[in-house]
Amino acid sequence: MRDNNQNEKSKENVSKSEKAVYGTISEKVAAKEEEGTKEKKKYTPTQWVTLITLAFGNFCVGSCVSLQAPFFPAEAERKGATATEYGFIFGIFQLTIFVTAPLMGKIVSNVSPKFLLNSGILSVGVTCILFGTLDLVSSTTSFVALAFVVRTVEGVGAAALRTALYTIIASQFPDGIGTTFAVLETFIGVGMIVGPTVGGALYDLGGYGLPFYVVGTVVILDAIVIFFILPDVSAAKLTEEKTLYENQRL
(Lines give C-alpha, C1' and ligand atoms only; values in the text may rest on other atoms or scores of the structure.)
Protein backbone atom coordinates (compact mmCIF):
# COMPACT_ATOMS: atom_id res chain seq x y z
CA MET A 1 0.00 0.00 0.00
CA ARG A 2 2.78 2.38 0.92
CA ASP A 3 4.54 1.61 -2.36
CA ASN A 4 1.36 2.33 -4.30
CA ASN A 5 0.87 5.64 -2.50
CA GLN A 6 4.46 6.61 -3.15
CA ASN A 7 4.11 5.72 -6.83
CA GLU A 8 0.94 7.78 -7.14
CA LYS A 9 2.58 10.75 -5.42
CA SER A 10 5.62 10.48 -7.66
CA LYS A 11 3.37 10.38 -10.74
CA GLU A 12 1.51 13.46 -9.53
CA ASN A 13 4.79 15.29 -8.94
CA VAL A 14 6.02 14.33 -12.41
CA SER A 15 2.78 15.48 -14.04
CA LYS A 16 2.92 18.77 -12.12
CA SER A 17 6.53 19.33 -13.14
CA GLU A 18 5.66 18.53 -16.77
CA LYS A 19 2.76 20.96 -16.65
CA ALA A 20 5.02 23.60 -15.16
CA VAL A 21 7.66 23.02 -17.83
CA TYR A 22 5.19 22.93 -20.70
CA GLY A 23 3.34 25.90 -19.25
CA THR A 24 6.57 27.87 -19.08
CA ILE A 25 7.46 26.91 -22.65
CA SER A 26 4.02 27.87 -23.96
CA GLU A 27 4.20 31.19 -22.16
CA LYS A 28 7.61 31.87 -23.66
CA VAL A 29 6.36 30.97 -27.13
CA ALA A 30 3.34 33.22 -26.70
CA ALA A 31 5.57 36.06 -25.51
CA LYS A 32 7.86 35.61 -28.50
CA GLU A 33 4.88 35.63 -30.84
CA GLU A 34 3.64 38.86 -29.26
CA GLU A 35 7.09 40.40 -29.63
CA GLY A 36 7.16 39.25 -33.24
CA THR A 37 3.82 40.87 -33.97
CA LYS A 38 4.97 44.08 -32.31
CA GLU A 39 8.11 44.07 -34.44
CA LYS A 40 6.06 43.49 -37.56
CA LYS A 41 3.92 46.53 -36.80
CA LYS A 42 6.97 48.82 -36.83
CA TYR A 43 7.45 50.58 -40.16
CA THR A 44 10.63 49.86 -42.07
CA PRO A 45 12.63 52.72 -43.66
CA THR A 46 11.15 51.80 -47.04
CA GLN A 47 7.65 51.97 -45.61
CA TRP A 48 8.36 55.37 -44.04
CA VAL A 49 9.60 56.72 -47.38
CA THR A 50 6.52 55.33 -49.08
CA LEU A 51 4.17 56.75 -46.46
CA ILE A 52 5.71 60.24 -46.48
CA THR A 53 5.81 60.37 -50.27
CA LEU A 54 2.21 59.26 -50.68
CA ALA A 55 1.00 61.54 -47.90
CA PHE A 56 2.56 64.60 -49.51
CA GLY A 57 1.18 63.55 -52.89
CA ASN A 58 -2.32 63.24 -51.44
CA PHE A 59 -1.97 66.63 -49.79
CA CYS A 60 -0.94 68.26 -53.08
CA VAL A 61 -3.73 66.61 -55.04
CA GLY A 62 -6.32 67.59 -52.44
CA SER A 63 -5.12 71.19 -52.59
CA CYS A 64 -5.10 71.15 -56.38
CA VAL A 65 -8.68 69.92 -56.61
CA SER A 66 -10.17 72.41 -54.15
CA LEU A 67 -8.15 75.60 -54.62
CA GLN A 68 -10.57 77.20 -57.15
CA ALA A 69 -13.58 77.10 -54.82
CA PRO A 70 -13.35 80.72 -53.53
CA PHE A 71 -13.02 82.53 -56.86
CA PHE A 72 -14.07 80.28 -59.76
CA PRO A 73 -17.84 80.93 -59.50
CA ALA A 74 -17.28 84.68 -59.82
CA GLU A 75 -14.90 84.20 -62.75
CA ALA A 76 -17.32 81.82 -64.46
CA GLU A 77 -20.19 84.28 -64.09
CA ARG A 78 -17.96 87.01 -65.47
CA LYS A 79 -17.46 84.80 -68.53
CA GLY A 80 -21.23 84.41 -68.86
CA ALA A 81 -21.62 80.90 -67.39
CA THR A 82 -24.66 80.10 -65.28
CA ALA A 83 -24.63 78.62 -61.79
CA THR A 84 -25.83 75.31 -63.22
CA GLU A 85 -22.96 75.20 -65.70
CA TYR A 86 -20.16 75.88 -63.27
CA GLY A 87 -21.88 73.62 -60.76
CA PHE A 88 -21.54 70.80 -63.29
CA ILE A 89 -17.91 71.80 -63.82
CA PHE A 90 -17.30 71.15 -60.13
CA GLY A 91 -19.35 67.94 -60.11
CA ILE A 92 -17.89 66.37 -63.25
CA PHE A 93 -14.67 65.68 -61.36
CA GLN A 94 -16.28 63.28 -58.87
CA LEU A 95 -18.50 61.79 -61.57
CA THR A 96 -15.44 60.97 -63.66
CA ILE A 97 -13.80 59.24 -60.70
CA PHE A 98 -16.98 57.22 -60.15
CA VAL A 99 -17.08 56.09 -63.78
CA THR A 100 -13.38 55.44 -64.42
CA ALA A 101 -12.32 53.90 -61.09
CA PRO A 102 -13.44 50.36 -62.07
CA LEU A 103 -11.49 50.69 -65.32
CA MET A 104 -8.40 51.73 -63.38
CA GLY A 105 -8.84 48.65 -61.22
CA LYS A 106 -8.40 46.49 -64.32
CA ILE A 107 -5.51 48.56 -65.65
CA VAL A 108 -3.51 48.37 -62.41
CA SER A 109 -3.29 44.58 -62.73
CA ASN A 110 -1.45 44.96 -66.04
CA VAL A 111 0.87 47.89 -65.28
CA SER A 112 3.05 48.90 -62.38
CA PRO A 113 1.12 50.67 -59.58
CA LYS A 114 3.97 53.17 -59.37
CA PHE A 115 3.56 54.00 -63.06
CA LEU A 116 -0.19 54.44 -62.65
CA LEU A 117 0.34 56.60 -59.56
CA ASN A 118 2.86 58.80 -61.35
CA SER A 119 0.61 59.11 -64.38
CA GLY A 120 -2.31 60.13 -62.20
CA ILE A 121 -0.40 62.76 -60.23
CA LEU A 122 1.20 64.14 -63.39
CA SER A 123 -2.22 64.38 -65.06
CA VAL A 124 -3.64 66.25 -62.09
CA GLY A 125 -0.72 68.70 -62.09
CA VAL A 126 -0.85 69.39 -65.83
CA THR A 127 -4.63 69.84 -65.88
CA CYS A 128 -4.36 72.16 -62.90
CA ILE A 129 -2.03 74.42 -64.88
CA LEU A 130 -4.29 74.18 -67.94
CA PHE A 131 -7.27 75.18 -65.82
CA GLY A 132 -5.42 78.39 -65.02
CA THR A 133 -5.31 79.31 -68.71
CA LEU A 134 -9.11 79.29 -69.08
CA ASP A 135 -9.13 82.95 -68.15
CA LEU A 136 -7.71 83.63 -71.61
CA VAL A 137 -10.83 82.21 -73.30
CA SER A 138 -13.40 84.88 -74.14
CA SER A 139 -16.28 82.79 -75.51
CA THR A 140 -18.72 81.47 -72.91
CA THR A 141 -19.31 78.22 -74.77
CA SER A 142 -15.61 77.58 -75.23
CA PHE A 143 -14.91 78.44 -71.60
CA VAL A 144 -17.51 75.99 -70.28
CA ALA A 145 -16.56 73.24 -72.73
CA LEU A 146 -12.84 73.49 -72.02
CA ALA A 147 -13.49 73.60 -68.28
CA PHE A 148 -15.51 70.39 -68.61
CA VAL A 149 -12.74 68.70 -70.59
CA VAL A 150 -9.97 69.76 -68.22
CA ARG A 151 -11.89 68.71 -65.11
CA THR A 152 -12.76 65.38 -66.73
CA VAL A 153 -9.12 64.62 -67.49
CA GLU A 154 -8.24 65.70 -63.97
CA GLY A 155 -10.83 63.25 -62.64
CA VAL A 156 -9.30 60.44 -64.70
CA GLY A 157 -5.90 61.25 -63.22
CA ALA A 158 -7.34 61.30 -59.70
CA ALA A 159 -9.01 57.92 -60.28
CA ALA A 160 -5.70 56.45 -61.45
CA LEU A 161 -3.95 57.92 -58.44
CA ARG A 162 -6.45 56.58 -55.91
CA THR A 163 -6.54 53.10 -57.45
CA ALA A 164 -2.74 52.83 -57.49
CA LEU A 165 -2.67 54.18 -53.95
CA TYR A 166 -4.86 51.37 -52.63
CA THR A 167 -2.71 48.77 -54.39
CA ILE A 168 0.52 50.19 -52.97
CA ILE A 169 -0.94 50.34 -49.46
CA ALA A 170 -2.04 46.70 -49.63
CA SER A 171 1.39 45.66 -50.91
CA GLN A 172 3.69 47.75 -48.73
CA PHE A 173 1.67 47.81 -45.49
CA PRO A 174 0.10 44.35 -45.10
CA ASP A 175 0.09 44.59 -41.28
CA GLY A 176 -1.29 48.12 -41.08
CA ILE A 177 -3.58 48.71 -44.04
CA GLY A 178 -6.29 50.42 -42.00
CA THR A 179 -3.93 52.78 -40.19
CA THR A 180 -2.01 53.70 -43.33
CA PHE A 181 -5.19 54.28 -45.30
CA ALA A 182 -6.54 56.53 -42.54
CA VAL A 183 -3.33 58.59 -42.49
CA LEU A 184 -3.38 59.11 -46.26
CA GLU A 185 -7.07 59.99 -46.25
CA THR A 186 -6.33 62.53 -43.53
CA PHE A 187 -3.74 64.21 -45.73
CA ILE A 188 -6.23 64.39 -48.60
CA GLY A 189 -8.69 66.08 -46.25
CA VAL A 190 -6.05 68.50 -45.01
CA GLY A 191 -5.14 69.33 -48.61
CA MET A 192 -8.77 70.04 -49.47
CA ILE A 193 -9.02 72.30 -46.42
CA VAL A 194 -5.81 74.18 -47.17
CA GLY A 195 -6.50 74.40 -50.93
CA PRO A 196 -9.22 77.07 -50.87
CA THR A 197 -7.20 79.19 -48.45
CA VAL A 198 -4.08 79.01 -50.59
CA GLY A 199 -6.12 79.50 -53.75
CA GLY A 200 -7.85 82.59 -52.39
CA ALA A 201 -4.59 84.11 -51.17
CA LEU A 202 -2.80 83.52 -54.49
CA TYR A 203 -5.82 84.83 -56.40
CA ASP A 204 -5.69 88.07 -54.43
CA LEU A 205 -1.97 88.23 -55.02
CA GLY A 206 -1.74 87.53 -58.74
CA GLY A 207 -5.14 86.99 -60.31
CA TYR A 208 -6.93 83.96 -61.72
CA GLY A 209 -4.01 82.01 -63.15
CA LEU A 210 -1.49 82.24 -60.30
CA PRO A 211 -3.11 79.68 -57.94
CA PHE A 212 -3.25 77.03 -60.67
CA TYR A 213 0.27 77.71 -61.91
CA VAL A 214 1.81 77.51 -58.44
CA VAL A 215 -0.07 74.47 -57.14
CA GLY A 216 0.09 72.65 -60.48
CA THR A 217 3.86 73.12 -60.59
CA VAL A 218 4.20 71.76 -57.05
CA VAL A 219 2.13 68.70 -58.01
CA ILE A 220 4.30 68.05 -61.08
CA LEU A 221 7.45 68.35 -58.97
CA ASP A 222 5.92 65.89 -56.53
CA ALA A 223 5.34 63.45 -59.40
CA ILE A 224 9.03 63.74 -60.31
CA VAL A 225 10.06 63.12 -56.70
CA ILE A 226 7.77 60.08 -56.50
CA PHE A 227 9.29 58.72 -59.70
CA PHE A 228 12.78 58.70 -58.17
CA ILE A 229 12.04 58.01 -54.49
CA LEU A 230 8.99 55.74 -54.26
CA PRO A 231 9.99 52.05 -54.33
CA ASP A 232 8.55 50.00 -57.15
CA VAL A 233 5.95 47.60 -55.78
CA SER A 234 6.75 44.90 -58.32
CA ALA A 235 10.47 45.06 -57.60
CA ALA A 236 9.85 44.93 -53.86
CA LYS A 237 7.67 41.85 -54.24
CA LEU A 238 10.28 40.07 -56.35
CA THR A 239 13.01 40.88 -53.84
CA GLU A 240 10.91 39.64 -50.95
CA GLU A 241 10.02 36.41 -52.71
CA LYS A 242 13.66 35.85 -53.65
CA THR A 243 14.76 36.36 -50.04
CA LEU A 244 12.14 33.95 -48.74
CA TYR A 245 13.18 31.36 -51.32
CA GLU A 246 16.86 31.66 -50.39
CA ASN A 247 16.04 31.38 -46.67
CA GLN A 248 14.03 28.24 -47.30
CA ARG A 249 16.94 26.70 -49.20
CA LEU A 250 19.29 27.46 -46.33
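## Basis of the report

Because the model is predicted, local features require a pLDDT of at least 70 and side-chain atom pairs a pLDDT of 80 or more, while totals for chains, interfaces and linings use all residues. Residues are numbered from 1 along each chain as its sequence is written, and side-chain values use heavy atoms, with hydrogens and water left out.

## Overall architecture

The protein chain contains nine helices and zero strands. Its pattern along the sequence is α-α-α-α-α-α-α-α-α. Helices (H or I, at least four residues) and strands (E, at least two) are DSSP runs, numbered from the N terminus.

Of the 250 residues in the protein chain, 35% count as buried. Buried means under 20% relative accessible area, exposed over 50%, and partly exposed in between, for a 1.4 Å probe and protein chains only. Among contacts (heavy atoms within 4.5 Å) with a separation of 6 or more, 84% join residues 24 or more positions apart.

## The largest nonpolar core

A nonpolar core is a set of buried Ala, Val, Leu, Ile, Met, Phe, Trp, Tyr and Cys residues joined through side-chain atoms within 4.5 Å. The largest such core has 47 residues, of which Phe72, Leu117 and Phe131 touch the most other members. Two or more residues of this core come from each of helix 2, helix 3 (72-78), helix 4, helix 5 (113-131), helix 6 and helix 8 (209-229). Helix 6 supplies the largest share, twelve residues.

What does Phe131 contact, leaving aside its neighbours within four places in sequence? The partners of Phe131 are Phe72, Ile89, Ala147, Val150, Arg151, Tyr208 and Phe212.

## Aromatic pairs

Ten aromatic pairs are found in a search of the whole structure. Rings of Phe, Tyr and Trp (its six-membered ring) pair if their centres lie within 6.5 Å; planes under 30 degrees apart count as stacked, over 60 as edge-to-face and the rest as tilted. The pair of Phe72 and Phe143 is stacked, because the ring centres are 5.9 Å apart and the planes stand at 20°. Since Phe72 lies in helix 3 and Phe143 in helix 6, this pair ties together parts that are 71 residues apart in sequence. Both Phe72 and Phe143 are buried.

Phe227 and Phe228 form an edge-to-face pair, with 5.1 Å from centre to centre and 85° between the planes. Phe228 is exposed, its relative accessible area being 65%. Ring pairs also link Phe71, Phe72, Phe90, Phe131, Phe143, Tyr203, Tyr208 and Phe212 into a cluster.

## The second largest pocket

Rolling a probe the size of a water molecule over the atoms shows where empty space is left. On a 1 Å grid over the protein atoms alone, where a 1.4 Å probe is used, a pocket is an open set of points with protein on both sides within 12 Å along at least five of seven lines, and lining residues have an atom within 4 Å of a point. The second largest pocket has a volume of about 170 Å³, a volume being the space filled by probe spheres set on the points, which are joined across faces, edges and corners.

The lining consists of Asn58, Val61, Gly62, Val65, Phe93, Gln94, Ile97, Ala158, Leu161, Arg162, Ile188 and Met192. Helix 2 (45-66), helix 4 (83-107), helix 6 (140-172) and helix 7 (177-206) each give two or more residues to this lining. Helix 2 gives the most, with four residues. By class, the lining has eight nonpolar, three polar and one charged residues; Ala, Val, Leu, Ile, Met, Phe, Trp, Tyr, Cys and Pro count as nonpolar, Asp, Glu, Lys and Arg as charged, and the others, Gly among them, as polar.

## Selected buried residues

The contacts below leave out residues up to four places away in sequence. Ser66 lies in helix 2 and is buried at 10% relative accessibility. Ser66 is in contact with Gly191, Met192, Gly195 and Pro196. The C-alpha atoms of Ser66 and Gly195 are separated by 5.3 Å, although the two are 129 residues apart along the chain.

Lys79, in the loop between helix 3 and helix 4, is buried with a relative accessible area of 13%. Lys79 touches Leu134, Asp135, Val137, Ser138, Thr140 and Phe143. Gly216 is placed in helix 8 and is buried, with a relative accessible area of 0%; the contacts of Gly216 are Gly125, Cys128 and Ile129.
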